[in-house]
Amino acid sequence: MLLNLLEYHWAEHLDDALMLLSRQDIKTVPLAGGTQLLGQQDESIQAVVDLRDVGLSYITSDTRGVHIGAMTTLQELVEAPVLKSIANGIISHAAKASAPSLAIRNAATIGGTLGAGLLSHSDLLTVFAALDVEVVLRSGSQTQINLSGGTSERPGLSLSGVTYKGKAERRVAFRSLDLDRRPNELILEVVIPPVRPVIAGAFMRAGRTFADHALINAAALVLLHEGKYQQVRLALGGLNMEPVRLQAIERHLEGKEITEPRMHQIWAALQAGINEFNPPLDESVSGVYRRVSGMSLAYRVLEEAMNVSQWRGMVASSEGRV
């Protein structure tokens, strides 16, 4: 509960929301779906800004990729046809796994999920790490400047204490969002870079029950072309841990000829690069469990993604699209 909440603002324009969030005299935070914020025991929060009417609920695509507005719900991610077509629906699968309850998925938003970070316990974080997702941020502030100028002999424009509305928008990589995000910056959207149709994805998780948060999860993207591993992306994550891209394993496979049996090649790559995976200690799960289970999940998602990519490549070749 927000025990010291003094103000509730229903913003109708994004600029209004940004101005409220930029205030220095009262701690103000954005209110998205409320699934994370309303459960916090943060007594320092004094005001919230409801973002439902500021136009941040959308899923669109262009040459730069797929754009997902911050107020888009997890259920919309599950149902969106454009997301189901990316890497055989890896984003939609992870969105559904992140919140087994339909009621929560209809309330929780992608912006709130990213804003909460590890507290969201979302499987989407690992998938976003594998996809090299970018996050668009914007801040709004009141800046006071002095425009007095000239000299006593040649007087110039004399305006002091001018206050204007300033806005700054920038993109940051998802993997560095927690470090790069500045105070009072609002998450506007998530950008999924273009993904070729023949790229295959796979996502798996392990928890105590289906409805529990994942103790460990894994996401992989694979593109096989002309008998080689042209692109490989692999990420591991889980409860209370930052998603980790296993780039040593990726490098071990990318550009290499596919050899048979492939299971031996995948396993050799995992053994060569799994040492870079050092999961943190947690009261709910041991690091040893995560390392052992993580290697198993990594093998399974790589194998599944490779099989799908190979099948897609054969279909595309038969249709003359590759």
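## Exercise 1: Around a core residue

Leaving aside neighbours within four places in sequence, find the residues in contact with Leu-124 (contact means heavy atoms within 4.5 Å).

**Solution.** Leu-124 touches Leu-74, Leu-77, Ile-91, Ala-94, Ala-95, Ser-98 and Ile-110.

A word on the model: it is predicted, so local features need pLDDT of at least 70 and side-chain atom pairs pLDDT 80 or more, while totals for chains, interfaces and linings use all residues. Residues are numbered from 1 along each chain as its sequence is written, and side-chain values use heavy atoms, without hydrogens and water.

## Exercise 2: An aromatic pair

Describe how the rings of Phe-128 and Phe-174 are arranged, and decide whether Phe-128 is buried or exposed.

**Solution.** 
Step 1: Recall the rule: rings of Phe, Tyr and Trp (its six-membered ring) pair if their centres lie within 6.5 Å, and planes under 30 degrees apart count as stacked, over 60 as edge-to-face and the rest as tilted.

Step 2: The two ring centres are 5.9 Å apart and the planes meet at 85°, so this pair is edge-to-face.

Step 3: Phe-128 sits in helix H7 and Phe-174 in the loop between strand S7 (162-173) and helix H8 (177-180), 46 residues apart. Helices (H or I, at least four residues) and strands (E, at least two) are DSSP runs, numbered from the N terminus.

Step 4: Buried means under 20% relative accessible area, exposed over 50%, partly exposed in between (1.4 Å probe, protein chains only). Phe-128, at 1%, is therefore buried, and Phe-174 is buried too, at 11%.
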